[in-house]
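Please look over the sequence and the structure shown here before reading on. The report is meant for a reader who has not seen them before.

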There are 4 protein chains.
Amino acid sequence: MSPNRLEAFSDGVFAIAATLLILNVVEPSGPLDQGLLHIWPSYVAYAVSFVTIGVIWINHHMVVAQIARVDRLFLLVNVIFLMLIAFIPFPTHLLAEHITSEGAQAAALSYGITLTATAIMFNVMWQYAAQGGRLLRENASARVVKGITRSYLPGPFIYLVATIAALVSPQLSAVLYAGIALFYVLESSVFGGRA
Amino acid sequence: MSPNRLEAFSDGVFAIAATLLILNVVEPSGPLDQGLLHIWPSYVAYAVSFVTIGVIWINHHMVVAQIARVDRLFLLVNVIFLMLIAFIPFPTHLLAEHITSEGAQAAALSYGITLTATAIMFNVMWQYAAQGGRLLRENASARVVKGITRSYLPGPFIYLVATIAALVSPQLSAVLYAGIALFYVLESSVFGGRA
Amino acid sequence: MSPNRLEAFSDGVFAIAATLLILNVVEPSGPLDQGLLHIWPSYVAYAVSFVTIGVIWINHHMVVAQIARVDRLFLLVNVIFLMLIAFIPFPTHLLAEHITSEGAQAAALSYGITLTATAIMFNVMWQYAAQGGRLLRENASARVVKGITRSYLPGPFIYLVATIAALVSPQLSAVLYAGIALFYVLESSVFGGRA
Amino acid sequence: MSPNRLEAFSDGVFAIAATLLILNVVEPSGPLDQGLLHIWPSYVAYAVSFVTIGVIWINHHMVVAQIARVDRLFLLVNVIFLMLIAFIPFPTHLLAEHITSEGAQAAALSYGITLTATAIMFNVMWQYAAQGGRLLRENASARVVKGITRSYLPGPFIYLVATIAALVSPQLSAVLYAGIALFYVLESSVFGGRA
């Protein structure tokens with residue numbers, strides 16, 4: 001079984017989860033000119049989550065590019081992974097609504113737990129495909145496979161640290177989430193054209 | 001006519017129906033930290049329905065992999081099948097909202113009826129394609145086709161039993177729905193890599 | 001330019017418009033068991049519009065199967081056609097909400113105008129592609145092309161009649177909309193496997 | 001890495017952003033027959049934004065048709081571009097709600113800023129791909145590439161002018177947004193079949 005249809009379904013979930021984020025940006029009450037400035041956390045949350053989902057999509061892309069076939073268990077692991085991706089709009093909404101008020105900690109924790117779980121599941125998915133070359137292409141380069149493994153491993157730890165930071169300061173935690181997304185953007189800009 | 005575009009449309013509906021489930025997880029009123037724990041049925045309902053839709057998607061995948069062409073009637077049966085898939089978010093919402101309160105029975109029944117109808121329609125779709133090899137690939141193995149037929153037949157009965165259980169206890173019914181989804185996950189984990 | 005990407009975008013809009021219809025089915029107020037029966041117009045409206053969009057999707061499928069290339073104007077006509085498809089959830093909501101109360105006429109008219117415009121635009125799209133074989137495949141059979149032209153031409157008139165019926169009775173109009181969808185289902189069942 | 005999956009994800013976001021626009025068209029309060037006429041700005045806003053997204057999709061189509069490969073930075077630029085596309089439903093909603101009342105200026109500005117940023121990002125994306133032929137197909141015609149560059153450059157300036165017009169009159173600004181969309185439709189109709 002080829003990974004083509006896996007891509008179609010996955011790209012669909014990625015695209016919808018990212019696009020649904022706009023439903024979290026809602027019209028402010030009161031005068032519109034001040035209100036539109038006042039809801040800036042909504043814009044930041046929208047941008048951070050959109051870019052984060054986009055970066056995960058790019059990485060998913062790279063995983064699928066290395067595999068030649070999928071099996072039932074891989075499809076299922078992928079479904080559970082996508083379940084976490086599609087969940088991201090909910091904590092994004094919470095974080096945007098509560099970052100400057102009560103409930104900031106619970107919101108920051110929910111965002112961090114979701115992203116940490118997503119990063120863990122991403123590693124599970126890749127490890128399952130790569131271990132012993134189970135689902136890899138015949139001509140997958142050992143160097144590239146090792147490189148991918150190395151580049152994904154830190155993800156869960158980075159998000160875990162940002163999550164735990166919410167216990168000290170939810171705002172710090174939110175800055176870290178934004179920083180992680182920004183890091184991925186800058187990394188691509190500075191080191192350029194690696195795919 | 002090749003089944004390619006059937007897949008594109010079907011994968012779209014599967015992906016959107018699954019991703020829209022997140023709209024059922026809504027911010028709780030009251031303090032956020034307690035509220036987020038209090039709405040646990042929303043999370044369970046989200047996970048169960050997402051995995052259920054994911055498993056049906058995997059099975060749909062397997063059906064389409066066996067067929068070489070589609071005809072107008074098959075397309076229409078598929079549309080009606082997708083109509084049931086896209087309906088799933090509604091009873092999922094009802095079940096999450098009402099499982100611990102009044103209305104639990106009506107919610108559990110609506111969930112069960114939807115899933116039973118989906119399972120029946122899935123069998124109709126497969127039977128139409130497979131009967132006399134109507135739409136099958138030339139080289140479709142008789143053994144595989146029989147195996148698929150056998151593995152899909154119990155679906156309607158299993159969901160019917162879980163639906164009827166709602167007449168005794170809606171909570172039992174909900175546990176059965178979750179159990180069916182969990183069974184599919186475990187089955188894939190234990191028996192592994194069959195696709 | 002090949003019509004592949006046209007299909008991807010079109011299938012996306014078809015799938016999303018159909019799946020968004022479920023957002024029109026909302027939890028009833030009051031006791032759930034009676035309420036779920038009481039909102040039966042929502043279910044009918046959901047089913048009729050889903051099947052209608054599905055049938056239009058099948059027909060769009062058949063058009064694209066006949067064409068070899070697309071030009072900028074065809075893409076634009078297709079965008080305007082999809083704009084009407086994506087509009088369908090709105091009058092569907094109106095019809096489901098108002099069919100048994102005041103506002104039934106306005107709702108039935110809005111549904112009919114939308115579907116009539118969609119049917120007209122579908123013919124415009126097909127005529128543009130087919131006239132003088134402008135965008136058709138080299139080997140498109142003249143007989144098939146004529147058959148398609150003939151089968152699409154009545155669409156606008158049928159929907160126009162059902163729309164005008166709303167001036168006499170909105171309920172009659174709604175029955176006609178459902179009847180048209182049912183006709184397409186039965187036609188495929190009775191005359192079977194033509195694609 | 002081929003641009004296929006980039007297309008799948010992009011087409012998904014385009015299709016969803018366009019289709020979500022219908023959620024901005026909401027049932028009016030009061031008698032339905034008058035109400036449905038009264039919300040005409042919703043219909044216009046829906047049509048203008050749908051066609052605008054459709055035209056950008058067609059242009060995106062033309063860019064991808066010229067490129068042979070994508071790199072990580074291009075994927076990221078594309079993600080940020082899509083982030084702006086997916087944002088369009090929000091200012092569309094604001095414009096439809098406020099064009100005839102207070103807040104019209106803020107709404108028209110937010111719409112214009114979004115579209116100007118989208119047009120800038122589109123040029124950044126194309127320049128990155130085209131500069132020195134970085135990602136272009138071997139056989140990309142220099143004349144076509146220059147033509148594309150020339151046709152995209154005015155976009156940001158046109159939208160900037162329409163945005164600044166909102167400082168004088170938000171209604172004028174809205175008319176200009178509609179005029180730009182209409183221009184693209186007419187241009188394709190008059191000069192016809194260029195793709």
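## The model and helix H1 of chain D

This is a predicted model, and the values given below are computed from it. Helix H1 of chain D runs over residues 4–20 and has 17 residues, and from its first C-alpha to its last it reaches 24 Å, which is close to the 24 Å expected at 1.5 Å a residue. H1(D) is mostly covered, since 16 of its 17 residues are buried.

## Where chain D meets chain A

In this contact, 30 residues of chain D are in contact with 31 residues of chain A. On the side of chain D that touches chain A, the elements that give two or more residues are H1, helix H4 (72–87), helix H5 (89–98) and helix H6 (104–130) of chain D. H4(D) provides the largest share of this side, with nine residues. By kind, the residues on the side of chain D that touches chain A are 21 nonpolar, six polar and three charged.

## Where chain C meets chain D

The contact between chain C and chain D takes 30 residues from chain C and 31 residues from chain D. At least two residues of the side of chain C that touches chain D are supplied by each of helix H1 (4–20), helix H4 (72–85), helix H5 (89–98) and helix H6 (104–130) of chain C. Here H1(C) gives the most, with eight residues.

The residues of the side of chain C that touches chain D comprise 21 nonpolar, six polar and three charged.

Technical notes: Residues are numbered from 1 along each chain as its sequence is written. Chains are lettered from A and ligands numbered from 1 in the order in which they are written. This is a predicted model: local features need pLDDT of at least 70, side-chain atom pairs count only at pLDDT 80 or more; totals for chains, interfaces and linings use all residues. Helices (H or I, at least four residues) and strands (E, at least two) are DSSP runs, numbered from the N terminus. The expected span of a helix is 1.5 Å times one less than its number of residues. A residue is buried if 20 or more other C-beta atoms lie within 10 Å of its own, exposed if 12 or fewer, and partly exposed in between; C-beta atoms are placed from the backbone. Two residues are in contact if their C-beta atoms, placed from the backbone, lie within 7 Å. Ala, Val, Leu, Ile, Met, Phe, Trp, Tyr, Cys and Pro count as nonpolar, Asp, Glu, Lys and Arg as charged, and the others, Gly among them, as polar.
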